[in-house]
Amino acid sequence: MNPIQLSIFANRLSGICDEMGAVLRLSALSPNIKDRLDFSCAIFDAQGRLCAQAAHIPVHLGSMAYAMADLVSDREWTPGDLLVVNDPYLGGTHLPDVTVVAPVYAADSALIGFAVTRAHHANIGAHSPGSMPVSTHLTQEGLVIAPTLLKAAGQWQIPLCRRLAGLEPLPGADSPPMENLRFGDFAAQASACETGARRLAEMAATLADIGHGFDALNAYGEKRARARIAALPDGQYHFTDVMDDDGQGQQDITISVTLRIEGDSASLDFTGTADQVAGNINCPLSVVAAAAYYCFRCLMDDDVPACDGLFRPISLSAPPGSLLNAHRPAAVAAGNVETSSRVVDVVLGALAQAAPEAVPAASQGTMNNVAMGASGEQGWDYYETMAGGAGAHAGGAGLSAVHTHMTNTLNTPIESLEAHYPLRVLEYRIRHGSGGAGVFCGGDGLVRELEFLAEAQVTLLTDRRRSAPWGLAGGKNGAVGENRHNGRLLPSKTGFAARVGDRLLVASPGGGGYYDTRYK
């Protein structure tokens, strides 16, 4: 392909991913998917290598890119199959993030690729509403779905569908069926995958060899990535930060990285990171890869295609049994959201030593996870991540009240939240002054206060309530966040029962400030 053909090819693939996202959003039922856009869509080649993605959730897409080859290889595929999986130790993130995979066939029945969606389901059968418990074991976090056919040769697999719809108990379980599940969201993912598969097959019919196009695209992506890494000074860069706690009593949990730049390649070694913990901030290595890939992608120009080639010059390792390479069945619900945010902080902290003007100060460093609900016939499940302050940088101040780095979702609009749940929003504003000071100030966080109109069980999985988002080049740290129940200060990771009239306030952290002597 010449450069013009390659550009058209890449944009056609990206357009398919965008259409998949539109189908998923418009056909889903839950606010978490249709309003917050907590989902991702991507195209992979026949070997499971990433070829295109929409601008969705970095932690979804990077982990899929890292592990999809193992998931789709050595499997007998049939046209019309749909595979469903959420196992964090098989390339997933945490149990609420469910992946659906559709194989794509050309007119001559040759397997040419895969259309994939991943979406966050507010109820996946955990021990607490919202399926984000303060857990100590994977089985407390919900239904673990090993790679299983949701459709076989175009036919829905009814027993699995009934389980996912909450109509039947889990295999071997004495408990009743999971309540409040929305099978419509699984069906929406299936529709999005099948849309992507049709579009990719139509596109393949217009090309002599789509596999050659995939190879050319990834070769170009690798070339661009190597050129950007080669522009960084060779050397070894080290950075360490901490997680506040694991929700089970352990505090100031270390995450450490050593970044080595050698020519046009980079390696990340997380030796020195704490061992896996009792709480649920542990990570599978796929989540760590997602965070690392994201940081390097941010260094590259916007026109670089998001594909497997970008990640070929980057290698990473984390000690087995550590916080970032946990052994099954360690709890991981908050690893995907909170620990991934801190991995971004340490990788960017190391990169800032190599390219200080290209890297911002630390952003809020948490997703401020709020999960709640109630069981029974009138049961409900609500889950949301909250925005905060972005880090300032050499070119200007950080943005206020935005989702940063690994989340990239929206908020649930007040109108949607109050229409779907027995909640009233009392306050929703920018937390002025929470951004770190500097020549360029960090962005401010948010304050959101809810009143409960019905009894509920609440879970909070947050961080940066003890350790502040750091500033760069002399800039000051951002303010730490706060969680309060009826005015009482809460731990960063906790669960409690709320009564009618109770109030929950979450104040998110600000971003770090940036100061550079050139701007005196």
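1. Searching the whole structure, which is a predicted model, gives eight aromatic pairs, where rings of Phe, Tyr and Trp (its six-membered ring) pair if their centres lie within 6.5 Å, planes under 30 degrees apart counting as stacked, over 60 as edge-to-face and the rest as tilted. The pair of Phe239 and Trp470 is tilted, because the ring centres are 5.2 Å apart and the planes stand at 55 degrees.

2. This pair links distant parts of the chain, 231 residues apart, with Phe239 in strand S8 (residues 235-245) and Trp470 in the loop between strand S16 (456-461) and strand S17 (482-485); strands are DSSP runs of E with at least two residues and helices runs of H or I with at least four, numbered from the N terminus. Phe239 is buried at a relative accessible area of 19%, and Trp470 is buried at 11%, buried meaning under 20%, exposed over 50% and partly exposed in between (1.4 Å probe, protein chains only).

3. On method, residues are numbered from 1 along each chain as its sequence is written, and side-chain values use heavy atoms, leaving out hydrogens and water. Local features need pLDDT of at least 70 and side-chain atom pairs count only at pLDDT 80 or more, whereas totals for chains, interfaces and linings use all residues.
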